[in-house]
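Let's walk through a few features of this fold together. Have the sequence and the model open as you read.

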Amino acid sequence: MIISFIGCEDENVTSLSNDYTNSESQAISSEISEVEDVILEERSGLVVILPRVELLAGVLSQTSWMDIAGPSTKGNAYFQELKAFFKDYKDHDAVKIAEQLTKNGFSYDAPLGFILTLEELPNLENVNGYSDYIINRAGDEKTLEEFRLALRDLSKESNFMEFYNDHQDTYDKCIEASCKNFDEDVIMNWMEDFYGYLHGDYGVVLAPSMFPGGGYGATITDKNGIDKIYQIVREPGQSQGEPKFNTDLFSLTIHEWGHGFINPIVGENSDKVELYELNRLYEPVKEKMSRMAYSSVETFLNEQIIRALTAYAVRDIKGDSYFKVEQDYNTNKGFYLTEFTVEQIGDYLENRDIYETLDDFIPVLLERYYENMEMLLDEIR
């Protein structure tokens, strides 16, 4: 089994390799998972391409997921090979369950949050348990377990790891290219200064067969109670040659890792969201937000706050011209509270003697949304 990984402070491609036969795989699989976990825990900011994510992508390529999140062309050459590999298994239970889940709305970030909860192939053990969020998206836990077991069976039946290992050169090229302009130390230092703390472990997962370009965030609490905060980066879906990740990893990483901070903080203040009737701020953009899977006031606020702080980070690191592009883009997408939120973030940073961490400031921000609600609504009316 080969797990591709790179810490972006180093542009050299490194891999952990354990060669084994099919008869040996069962005996050493738990040891491999333990080694991989140690690597992920010891090195923050990894950029990886994971076997279980590629397995999931291959299964979804045989479903109506392609109608929701398929490439705009035939897809890159690697995706075409992955899709062709799984064509012979389109009647497998894993594909059937994936299709039913997709039809039931288990889409966007949900399948990736599910697969990252599990341990690596070949066993895909569910040692961490499923979050309420993933269970609710799927409908019930029983279906998730059936899906997990079916994926494990398909991986063995198809000898998927041979396909994965045969594409190491492609994975390494993707990782190396993505690391060229990515300085994880700058990002980690900015985050620690901004939030007032760091927690858990951080990673970037490239998904060359997930589309279109952009990212998802996922926070997994492992069996030891440690948060693993992932950013999943999708391929734009326009290349028909090698996969190309042309997304700005700086702003995307600030954004997606930010979900590991903002979502829990806003969740802890859900009583204030209700008390201040902040659903009124959501209503004018509800239809537009729902089309992007932000289907509640809380998910809208999570995304709105993260987009504003990302814009602030861009101004800090890259300058005003980049900041304006970032702010205007988000406002045009329907996040009309961006400019106001950026101003409040400035107040937070100027008064760190009062607000030690962002956790201390979020209740104040929610109150300011309430106090300025009529002004804010006037801007969108």
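Q: In which sense do strand E5 and strand E6 pair?
A: Strand E5 covers residues 214–221 and strand E6 covers residues 227–234; strands here are DSSP runs (E, at least two residues), as helices are (H or I, at least four), numbered from the N terminus. Pairing requires that DSSP finds at least two bridges between two strands. E5 and E6 have eight bridges, and their sense is antiparallel.

Q: Which residue in the turn of the E5 and E6 hairpin has a positive phi?
A: This is a predicted model, in which local features need pLDDT of at least 70, side-chain atom pairs count only at pLDDT 80 or more, and totals for chains, interfaces and linings use all residues. Residues are numbered from 1 along each chain as its sequence is written, and side-chain values use heavy atoms, leaving out hydrogens and water. Five residues lie between the two strands of the hairpin. The one with a positive phi, about 80°, is Gly 225.

Q: How are H11 and H12 oriented to each other?
A: The axes of helix H11 (residues 184–195) and helix H12 (residues 249–268), lines fitted to C-alpha atoms over the stretch in contact, come within 11 Å and cross at roughly 40°. Angles between N-to-C directions run from 0 to 180 degrees; under 35 is roughly parallel, over 145 roughly antiparallel, 65 to 115 roughly perpendicular, and the rest oblique. H11 and H12 are therefore oblique.

Q: How many of the residues of helix H6 are buried?
A: Buried means under 20% relative accessible area, exposed over 50%, and partly exposed in between (1.4 Å probe, protein chains only). Helix H6 spans residues 110–117, and its buried residues include Phe 114 and Thr 117. The count is eight of eight.
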